[in-house]
Number of protein chains: 2
Amino acid sequence: MFSGAQVSLYPMSGNFAGIIFDAIKALDPYRDALRIETDDISTLLVGPPDVLLAAMRDLFVFAARSGEHCVLSAAVSRGCPGEPDDPICGVNLGDGIKASLAERIDAALTAVATTPVTDQPSAAQFSLYVMGTGDHMDEIYGCIDFLKRSGTFDKAKNFSTKLRGDAGAIFATLQQAFVNFGPPEGHVTLDVTVSANSPTRA
Amino acid sequence: MFSGAQVSLYPMSGNFAGIIFDAIKALDPYRDALRIETDDISTLLVGPPDVLLAAMRDLFVFAARSGEHCVLSAAVSRGCPGEPDDPICGVNLGDGIKASLAERIDAALTAVATTPVTDQPSAAQFSLYVMGTGDHMDEIYGCIDFLKRSGTFDKAKNFSTKLRGDAGAIFATLQQAFVNFGPPEGHVTLDVTVSANSPTRA
């Protein structure tokens, strides 16, 4: 199954280019596991879902350590029927097909609870989209149940859910939402925004 | 049908807050037509699809006039089964149900061709998500056909399509993609990024 993300990093600083070029080094440990391509709008990451979200976390935390207000925005996708399969993505989510929604929620909660702390406070919001099925809202409501018990839940918003907490737990929550909800081989996407050092906290 | 957007504006500048607070004034003419709520991550706009995209255009163009590198990012949604109907959204896309894909593509092309110019060069990329149907890729491929003939098409990317051109034409293209593809009363979303004044042009 093809999985990947189009990722953009926005440092609200006159030194935005320097912060981005520095932070990109945080992706170096992932260069064997991910295909990485950059243009003027975003950086494409192609690879296994767990590696994708870990790489995004490290990129974001590195940039946020600058102390500037930084936002990471990403379109994350798996199972898009328009993308050819790619061995680098290597993961088979098919085993999950046997798990009930309740079992998947439990697995997701355990994964978030055991994720390492980054000491980078963050806020986030995201939308989960499940395509190609008539019952997509059941999976979305299941995911919302997981989110409310994840420890990162902040509030429900129109079209999205807002999270708050350590960047490690937030990216772990996003990863679990991405892999555990929607059909295991289905077309699932996330629209993700993660923010640090905002002068406004509402 | 409920329609709206969560919109964020990212000026890559030490004066990001000033640029955002100035640009928000560009929404004043829309305050009767839209419900507008802001927190530390995004501004919610709720209202008719055509007004939504026009308001986002004016917000973005105002910020870009600062000369700083500015990005607008938005999650745009219509017909979400989890949102209660709201009279302010007022639009009925049901008439479009009778139009064939070819007719809808023609209507979208005419709308983009006749949109006013803003004189703000921009780049954009977006993804169209159609939920709750088994044939969502047919509508997406129809939309891609429209995009390729829209005058704003730049290139296909993984998970998304990249546009380039005047901000007026770009937001008109996004609006037409939003209203003309997917079931008229169905759940359709866009994940949108629009950029101006980038020092990198790839």
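Which residues is E139(B) in contact with, leaving aside its neighbours within four places in sequence? Select E139(B) and display its surroundings: L101(B), R104(B), V130(B), N180(B), F181(B) and G182(B) are in contact with E139(B), where contact means heavy atoms within 4.5 Å.

The model is predicted, and local features need pLDDT of at least 70, side-chain atom pairs count only at pLDDT 80 or more, and totals for chains, interfaces and linings use all residues. Residues are numbered from 1 along each chain as its sequence is written, chains are lettered from A and ligands numbered from 1 in the order in which they are written, and side-chain values use heavy atoms, with hydrogens and water left out.

Remain at E139(B), which belongs to helix α4 (residues 136-148) of chain B. Helices (H or I, at least four residues) and strands (E, at least two) are DSSP runs, numbered from the N terminus. E139(B) counts as buried because its relative accessibility is 14%; buried means under 20% relative accessible area, exposed over 50%, and partly exposed in between (1.4 Å probe, protein chains only). Next, show the side chains of E139(B) and R104(B), which make a polar contact at 2.8 Å. Such a contact is a pair of N or O atoms within 3.5 Å; within protein, one must be able to donate a hydrogen and the other to accept it, and residues adjacent in sequence count only if both atoms are side-chain atoms.

Now select K155(B), in strand β6 (residues 153-157) of chain B. K155(B) is partly exposed, at 34% relative accessible area. Beyond residues up to four places away in sequence, K155(B) touches D39(A), T161(B) and K162(B).
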